[in-house]
Amino acid sequence: MKSNRTVLRACAVGAALVAVLMGFAGCANNPQADALRDAVRTLNSPGSKLRTPAEVNAYPYAQLRMQLDGYLPAIAVLAEYVEGDHLWVAGGDFWLLQSPDGRIKRMQVGPQQTLVDWQGAQLQPAPPADYRLTVTLVTESEEPASFVVQCTQAESVAASIIVSGQTIDTTRSRYDCTSGSAGDVYAMTYWHDANGRIRRSEGRIWLQGRGYIFEALKVPA
């Protein structure tokens, strides 16, 4: 896959995240979309474990393990490059647009979209001391609502993680965040490898947002 152009498109419809078996409905006459659909069906079919590096590497697509509050664990597949960012898709109601350095720019779960404006902040090459976000919530039934999230670095340390049986040396950066006028603090945490790639992220985008864990089983090319 080329990093600066869209190289694979898939029309994802139908199956919900809570289903054990999820699949893509391939775009008409698009063999790449058919292959993507078949790969996702295999990854998430009953009895499929896909735990070893060899099994993960057997599929030509980048894969992202995901755990969302209220949903069963699932595997998202890199469906498209969007101006260098990574668009991950699982089933028909989960989309995650993520920058290469780990910033979540858009997440859709069911009917709700969360849009994140990082106001020029970057997580790499060096984690910033603080950053400020503008978060916009979009639903089908309500007017969009925007508010500010302020995050301050609480720690940035070396940490090893195990992904599909492989030990990976990373830098773990944790941020304490507040959203809107709420005084309650919540955390966003990122694990970056030596190449600056996000390997794992954990937290929530805003205080009342859905908690998540995302872990790259196979990183984009």
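The legends below describe an overall view and several close-up views of one predicted model.

In this predicted model, local features need pLDDT of at least 70 and side-chain atom pairs count only at pLDDT 80 or more, while totals for chains, interfaces and linings use all residues. Residues are numbered from 1 along each chain as its sequence is written, and side-chain values use heavy atoms, with hydrogens and water left out.

**Figure 1. Overall view of the protein chain.**
The protein chain has two helices and twelve strands; helices (H or I, at least four residues) and strands (E, at least two) are DSSP runs, numbered from the N terminus. Read from the N terminus, the order of elements is α-α-β-β-β-β-β-β-β-β-β-β-β-β. Of the 221 residues, 47% are buried; buried means under 20% relative accessible area, exposed means over 50%, and partly exposed lies in between (1.4 Å probe, protein chains only). Among contacts (heavy atoms within 4.5 Å) with a separation of 6 or more, 43% join residues 24 or more positions apart.

**Figure 2. Glu83 in the loop between β2 and β3**.
The loop that holds Glu83 runs between β2 (74–82) and β3 (85–90). Glu83 is not a glycine, yet its phi is positive, at about 50°. Most residues other than glycine have a negative phi. Glu83 counts as exposed because its relative accessibility is 78%.

Gln119, a residue other than glycine, has a positive phi near 50°. With a relative accessible area of 43%, Gln119 is partly exposed. Most peptide bonds are trans.

**Figure 3. Asp193 in the loop between β10 and β11**.
Asp193 is placed between β10 (186–192) and β11 (198–203). Its relative accessibility is 12%, so Asp193 counts as buried. The side chain of Asp193 reaches the backbone nitrogen of Arg197 at 2.9 Å. Leaving aside residues up to four places away in sequence, Asp193 touches Ile168, Asp169, Thr170 and Arg199.

Technical notes: A polar contact is a pair of N or O atoms within 3.5 Å; within protein, one must be able to donate a hydrogen and the other to accept it, and residues adjacent in sequence count only if both atoms are side-chain atoms.
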